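Colleague: Hi! Could you walk me through a few local features of this model?

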Amino acid sequence: MSAPAYPPPYNPYASAVPGNMPPNMNMYDGRYVLPPPYTASPDYSRIHPSFPPADQGFSIPSQFLNEPLVANVAMQYGQALVGSGKQLVGQELEKYVPFSRIKYYFAVDTRYVTKKLGLLFFPFTHSDWSLRYEQDGPVQPRYEINAPDLYIPTMAYVTYVLVAGLVLGMQDRFTPEVLSIQASTALAWTVFEIIVELITMYITNIQTNLKTLDLIAYGGYKYVGIIFAVLLSILFHKTGYFIGLIYCSMSLIFFLVRTLKVQILPIGTSPSHHDPYMHNSGNKRRMYLLLFVAGIQPFLMWWLSFHLISPPVPKS
Amino acid sequence: MAFTLWNLLEATLLCLNAVCILHEERFLVKMGWGANQNIQGFGEQPSVRSQVFNLVRSIRTVMRSKYLSILCY
């Protein structure tokens, strides 16, 4: 067994408490002098390390670790190791799933949620769509009504799956597999939509402040409209469903266009010497991206829910 | 209709495969889609075509890299 790195390799002239003078320096006179063997002493400030006879090789004597001071130091070192290990794991995980960023999107409260839901259903009277920024990111959704959040999309997604199960159960089309199929389908469409948006943003070389999580948030707002339309379809069947769908599509398009206009289109004109390098085609690309993001929502809303509405009751 | 996550994974895999097996010298150059054929200024914005070529090229490089092939074993 090789000597571990800690405690430090065998050094008979060093004491266990660093900083003290080696206790035997004054006794060294050119001969190999054996330091006095360890004896249990109540004075722990000058501890002579015990050592094995020279022919046995190096090993940690068990009495070394039984001393309270060494045990304390060893435990503290062990705890420091564990702490740094946890930190390292956290850092590695952070590269793949940004946990600290996700916490920002869930910093919501009831007031924000109610106002945002009202905004999703009736955005026509809201006038100020700008976003306030802190040092390096937008203000938390708790304090800024226009900031995107992930709480509403997540809850709306789960509610959508449950409402789908409910509606299918009312039509006697329910099996437990249907729930997982619905959840997986909706998730797959959301992932696909976000991948398409990311690739589009990369290809057209548009620089925005939108992160991936922002796109996930904006893509998840459509589930609120889907739930509303499907619930309407319970009462009024096909006409109710289409009326609800059209109204929610219009309000969602309006909401997304006004919200994303602030983030995608350049704000105002900045008279700077960069003008020769600014290209007007960037504006056109940004507008197309905006219209694409907003326009794909109604289509997806319809695709994800039209199979849930009940066929009209045959008049007999 | 049931376009589940598994179907998405399959479609992604097939698309990635299609991107990788397009041989550059045999097809793309002849069709004018080679990676070295675009001349662009330094300060201008890269065109859509050059971005697409860069994307295809980088996907191909990543998929053919040694690190990924080690994953197969």
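Predicted model: local features only at pLDDT ≥ 70, side-chain atom pairs only at ≥ 80, totals over all residues.

Colleague: Thanks! What is the phi of A:D172?

Modeller: About 60 degrees, which is positive although A:D172 is not a glycine. A:D172 sits in the loop between α5 (151-170) and α6 (176-203) of chain A; helices here are DSSP runs of H or I with at least four residues, strands are runs of E with at least two, and both are numbered from the N terminus.

Colleague: Is A:D172 buried or exposed?

Modeller: Exposed, with a relative accessible area of 73%. The cut-offs are under 20% for buried and over 50% for exposed, with partly exposed in between (1.4 Å probe, protein chains only).

Colleague: And what about A:Q171, buried or exposed?

Modeller: A:Q171 is buried at 19%, and it is found in the loop between α5 and α6 too. Its side chain makes a polar contact of 2.6 Å with that of A:R173 (a pair of N or O atoms within 3.5 Å; within protein, one must be able to donate a hydrogen and the other to accept it, and residues adjacent in sequence count only if both atoms are side-chain atoms).

Colleague: Switching to the helices: at what angle do α5(A) and α6(A) pack?

Modeller: About 140 degrees, with axes 9 Å apart. That makes α5(A) oblique to α6(A), because angles under 35 degrees count as roughly parallel, over 145 as roughly antiparallel, 65 to 115 as roughly perpendicular and the rest as oblique. Axes are lines fitted to C-alpha atoms, for helices over the stretch in contact, and angles run from 0 to 180 degrees between N-to-C directions.

Colleague: Which residues of α5(A) meet α6(A)?

Modeller: A:Y157, A:Y160, A:V161, A:A164, A:G165 and A:L168 do, and their partners include A:V178 and A:L187 (contact means heavy atoms within 4.5 Å).

Colleague: Last one: where is A:H237?

Modeller: A:H237 lies in helix α8 (residues 222-264) of chain A, and its phi is positive, near 50 degrees, in a residue other than glycine. A:H237 is partly exposed, at 30%.

Definitions and conventions: Residues numbered from 1 in each chain as written. Chains lettered and ligands numbered in written order. Heavy atoms only, no water.
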